[in-house]
Amino acid sequence: MCILFLYTDPSPPSDGYRLIVATNRDEYFDRPTASAYHSIEENIIGGRDLQPGKEGGMWFGVSLNKTLRLGSLLNVTGADCNGKGRGYITSNYLKGDLPAEAYIDSLPDEYSAYNFVTAELSKTDTTVYHTSNCPSARTKFVGRQVLGFGNTPLDVPLQKVINGRGMFEEIVTNERDPERLTAKLLELLNCRERFLPDDELRRRSPAYEDLSSIFVNMERARYGTRAQTLILLNSDWELQFIEVAMEQPVDIKPTWQSCTFKIQL
């Protein structure tokens, strides 16, 4: 499971932000992964999947070519996972030149169930797309938005997405200082409160109680939140990309490492 919170404002005040993102990646601890890095050749920032047969796939990343583009992939809990690896949906989008809508139109019907979120920023506008193949759906968001996405269709959000979005909105509305904003967003991503009852999650997974928090920790299954990413893009187009992730190989008591990329767009 994963969770994504996203704020956009194409016309922010001088001390405001054009884009704020907070996301957790939940995955098996033993899945080989490259932590976030800046590929100068591709001008893309993000981590990469190193799982044999799925190398190079991405769950989250940004492209800095021409316009800022973001891609984020979330699975659909309880749905079919026997199709093609989904990580290429994100990496191919970020590497390519197609606008989000045209790229979504080009996606073949061969991937395991997914929710795919894109954001494209220009000097005058911001457009966010959510698309899914389970069920087939597409939604477009334009302008100033506060959004939350999880592992279910948009019309049946999980309780942790509903509650987390509210907490996220309060943070991005009231905090402008980048250090305090970063600290509060990480506190949100580390929230272990179980948002129960959740009938939708219970219907989709027998492990619904363990999966009901924003930060997931299932030690016995060696599964849970293993990477957290923040993006802050201020009114002057100064980008911060922050990743906090488990060092590999993941031990019984994981060690967390962080990296930050600062780029003037």
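**Pocket and fold**

Modeller: Happy to! Keep in mind that this is a predicted model. β2 (17–28), β6 (68–75) and α1 (87–95) each give at least two residues to the lining of the largest pocket.

Colleague: Which element gives the largest share of that lining?

Modeller: That would be β2, with 4 residues.

Colleague: And how much space lies in the largest pocket?

Modeller: About 750 Å³. The pocket is lined by 33 residues, and those closest to its centre are Asp26, Glu27, Arg31, Asn75 and Arg86.

Colleague: Nice. How does the lining split by class?

Modeller: There are 16 nonpolar residues in the lining, along with 9 polar and 8 charged ones.

Colleague: Switching topic: how many helices and strands are there in the chain?

Modeller: The protein chain has 5 helices and 14 strands. With a radius of gyration of 17 Å, close to the 18 Å that the globule rule gives for 265 residues, the chain is therefore as compact as a globular protein of that length.

Colleague: What does the C-alpha trace span along its principal axes?

Modeller: About 45 × 40 × 35 Å.

Colleague: What share of the residues count as buried?

Modeller: 55% of the 265 residues do. As for the accessible surface, the chain has about 12200 Å², and carbon and sulfur atoms account for 47% of that.

Colleague: Last one: what share of the contacts with a separation of 6 or more joins residues 24 or more positions apart?

Modeller: In this chain, 56% of them.

Definitions and conventions:
Residues are numbered from 1 along each chain as its sequence is written. This is a predicted model: local features need pLDDT of at least 70, side-chain atom pairs count only at pLDDT 80 or more; totals for chains, interfaces and linings use all residues. Side-chain values use heavy atoms; hydrogens and water are left out. On a 1 Å grid over the protein atoms alone, a cavity is a set of points where a 1.4 Å probe fits but cannot get out, and a pocket is an open set with protein on both sides within 12 Å along at least five of seven lines; lining residues have an atom within 4 Å of a point. Grid points are joined across faces, edges and corners, and a volume is the space filled by probe spheres set on the points. Ala, Val, Leu, Ile, Met, Phe, Trp, Tyr, Cys and Pro count as nonpolar, Asp, Glu, Lys and Arg as charged, and the others, Gly among them, as polar. The radius of gyration is taken over C-alpha atoms; the globule rule is 2.2 Å times the number of residues to the power 0.38. Buried means under 20% relative accessible area, exposed over 50%, partly exposed in between (1.4 Å probe, protein chains only). Contact means heavy atoms within 4.5 Å. Accessible areas come from the Shrake-Rupley method with a 1.4 Å probe; for residues, only the protein chains shown count as cover.
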